[in-house]
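Here is a friendly briefing to read alongside the model. Keep the viewer open and follow the topics one by one.

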Amino acid sequence: MEVKAQQSKLANNLGKLLRDNFGKGPEAIHVTIYEPYVVVYVSGFVSPMEQILLNQNEEIRVMTTRELLMKSLEPEITGQIKGVTDIEIQHLYYDWNLEHQSGIFVGVCLDDLQADLTEGEPYEGKQELHDRIIKMSKLAQKEPERITSYKLSPRTLVVVREGILVAIERQLISMGFDDTLRICKRPLEKGLMLQNDDYDEVLNAEILDIFVDWDFEKDNSIITLILKPKS
C-alpha cells in the first residue's frame, strides 16, 4: 500500500476509534508517516460533555480525563498503526490544545529515542529554533543534554530533547504524580515558547499549534510544531 493510501486509511480508522470512545470524532485528521515517526494531527475534536465542562472553566478535569482514557486507548492506537503501516510503535506521545480543539499523537518505532538523535536533515531556521527551545527548557527546568529536530513535512516538525528532568520532578514521578506533573508542565513550556514572536521569520512559516509530551522513564520529550508555510 502506498504511503498516501496508508495515511488515508489510518486517518479513517483512528477517526472511528476516537468517535467510538469519546462520543464524537475529529472533524479532520492529518497523518504524516516518516519513519521512525508516525504523526497524527486531529482538529475539531471536543465532545459535547467536554464542551460543557470547558464552558464551566473545568479544563483541568477535561485534561485529566483524557490522560486516563488515552492510557487505555494506547494499545488500540498503536495496533491500528501497526495494522495499516506495519510500523511497530514503541512509544506514543500525545497532547491536546483544547482552545484550538486539536490534538497530536506521535508514534515512535524506536525503543530508545537516543538511538535516533542524529543531526537530521537541515531546514530553514533549525539552529535558531534549537536555541529558543534550549532557552525555554532552561527557564522551565534545565538545558537539555541533547536536542535534535526533524521536519517531517512542510507542516510537521518534531523536536526531541534528552536529559531534561530535575531532581524535584524525578521525586514527583517516583511518588506517582507523573500525570499531575505532565498536566502542569505542558502549559508552562508552551507558554514560554510563545514568548518568542519571531517564528514566522525564523522558520518562514506560521506556527498553528504547539504540542509537548514526555517519556519520564527515559527522560526525553517530543515537541511537535504544526506549521503553515509562507507562500
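**Backbone, strands and a helix pair**

Asn 204 has 33% relative accessibility, so this residue counts as partly exposed (buried means under 20% relative accessible area, exposed over 50%, and partly exposed in between, with a 1.4 Å probe and protein chains only). This is a predicted model, in which local features need pLDDT of at least 70 and side-chain atom pairs count only at pLDDT 80 or more, while totals for chains, interfaces and linings use all residues. Residues are numbered from 1 along each chain as its sequence is written, and side-chain values use heavy atoms, with hydrogens and water left out.

**Backbone points to check**

- Most residues other than glycine have a negative phi, and most peptide bonds are trans.
- Asn 204 has a positive phi, near 55°, and sits in the loop between helix H7 (199-203) and strand S7 (205-215); helices (H or I, at least four residues) and strands (E, at least two) are DSSP runs, numbered from the N terminus.
- Asp 219 also has a positive phi near 55°, and its place is the loop between S7 and strand S8 (220-229).
- With 9% relative accessibility, Asp 219 counts as buried.
- Glu 35 and Pro 36 are joined by a cis peptide bond, with omega about 10°; Pro 36 lies in the loop between S1 and S2.

**Strand S2 and its partners**

- Six of the seven residues of S2 (residues 37-43) are buried, so this strand is largely enclosed by the rest of the structure.
- S2 pairs with S1 (residues 28-34) in the antiparallel sense over seven bridges; two strands pair if DSSP finds at least two bridges between them.
- The link from S1 to S2 is a hairpin through two residues.
- S2 also pairs with S4 (residues 102-108), again antiparallel and over seven bridges.
- Val 39 in S2 stands opposite Thr 32, and Val 39 also stands opposite Val 106 in S4.

**Helices H3 and H6**

- Two packed helices are described by the angle between their axes and the distance between the axes.
- The axes of H3 (residues 59-85) and H6 (residues 178-193) come within 11 Å and cross at roughly 125°; axes are lines fitted to C-alpha atoms, for helices over the stretch in contact, and angles run from 0 to 180 degrees between N-to-C directions.
- H3 and H6 are therefore oblique to each other (under 35 degrees is roughly parallel, over 145 roughly antiparallel, 65 to 115 roughly perpendicular, and the rest oblique).
- Met 63, Thr 64, Glu 67 and Lys 71 in H3 meet Asp 179, Arg 182, Ile 183 and Arg 186 in H6, where contact means heavy atoms within 4.5 Å.
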